[in-house]
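Work through the exercises below with the model open. Each task is followed by a stepwise solution.

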Amino acid sequence: MPVPNLTPDRVNRVNQLAHTIAEEVGRAFIGNPTITEALLVALMARGHVLIEGYPGVAKTTLVKAFSSTLGCHFRRIQFTPDLLPSDITGTYILDMRTNQFVLREGPVFTNLLLGDEINRAPAKTQSALLEAMQEHQVTIEGETRTLAEPFIVLATQNPIEQEGTYPLPEAQVDRFLMKLKMGYPAPLDEKRMLGTYDRPPPPVRAVVGPNDVLDMQALAQEVFVAEELLDYVLGLVAFTRSHPKVYLGASPRAGLALVHAAKGLALLRGRDYVLPDDVRHLAPLVLGHRILMSPE
């Protein structure tokens, strides 16, 4: 498939679509609109997002509203301690009519997957998503199947201090492009929630479709990044590895993720080039969850 050219008209169209998507999400989700922009950045960069917040702050409402605007196939997994890996990827079952084993696809075979309370399941179940998130494929009983494009995982979790949670292993956390933290809403937003809770939220219309998402992702890859900015990203990543207070620094995947995210943010803001401010704005979201501090 030929790569589309990054013309000014296409840049403006993506910028307008981003505004429209944010407005549609705002019809159902009452909260900070910057978190919707972060989800769009991850979508442009073909990345996954981990959303952390206390119960009842509308994490699931946000993801469902966002998925509705994309017009893509959506599925949800409610993670529980007894969830099995096959409940995510699928399994082979015997078809009594043909006397053959056929694959019953799991919810991972979708475009946008919501992993609700992902840290409620043990590591064995969490690991079922590793291959899907990194390679966009799953292996079931030795057979590898490719997932549909686009594919993005939006996972929610409660803070690990909460009862009955399992901390995500480092390999799992590193698969997420960025980690967003949702706090309690502002007083005016919470008052608006209290005034509208007894009415169903207005329907959110689909602004784009799967092919539009793929086109925007291809456009994001064409955004220009100066060599000096690549050195800036390398410097940030290297700093996390050499700092005496850091036990585990950012991986090479983190540097790649920061560059891809900066391209997506630049495109969403109507530019075909990355600014240092793009990298600076995204660095805490992309690098923060990948860094482990020393006990001291």
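**Exercise 1.** Find the residue of E8 that is the bridge partner of isoleucine 51.

*Solution.* Isoleucine 51 is bridged to threonine 156 in E8. Next, place the strands in this predicted model. E1 covers residues 49–53, and its pairing with E8 is parallel, over four bridges.

**Exercise 2.** Which strand does E8 join through four bridges besides its pairing with E1?

*Solution.* Start with the strand: E8 spans residues 152–157 and is joined to E5 by four bridges. The two run parallel. Now take individual pairs. Leucine 112 has isoleucine 152 of E8 as its bridge partner.

**Exercise 3.** Is E8 enclosed or open, and which way do its residues point?

*Solution.* Buried means under 20% relative accessible area. Six of the six residues of E8 are buried, so the rest of the structure largely encloses this strand. Then sort the directions. Ile152, Leu154 and Thr156 point one way, while Val153, Ala155 and Gln157 point the other. In a regular strand, side chains alternate between the two faces of the sheet.

**Exercise 4.** Repeat the analysis for E5: how many of its residues are buried?

*Solution.* E5 runs over residues 112–116, and five of its five residues are buried. Leu112, Leu114 and Asp116 point one way. Leu113 and Gly115 point the other way.

Technical notes: Residues are numbered from 1 along each chain as its sequence is written. This is a predicted model: local features need pLDDT of at least 70, side-chain atom pairs count only at pLDDT 80 or more; totals for chains, interfaces and linings use all residues. Side-chain values use heavy atoms; hydrogens and water are left out. Buried means under 20% relative accessible area, exposed over 50%, partly exposed in between (1.4 Å probe, protein chains only). Two strands pair if DSSP finds at least two bridges between them.
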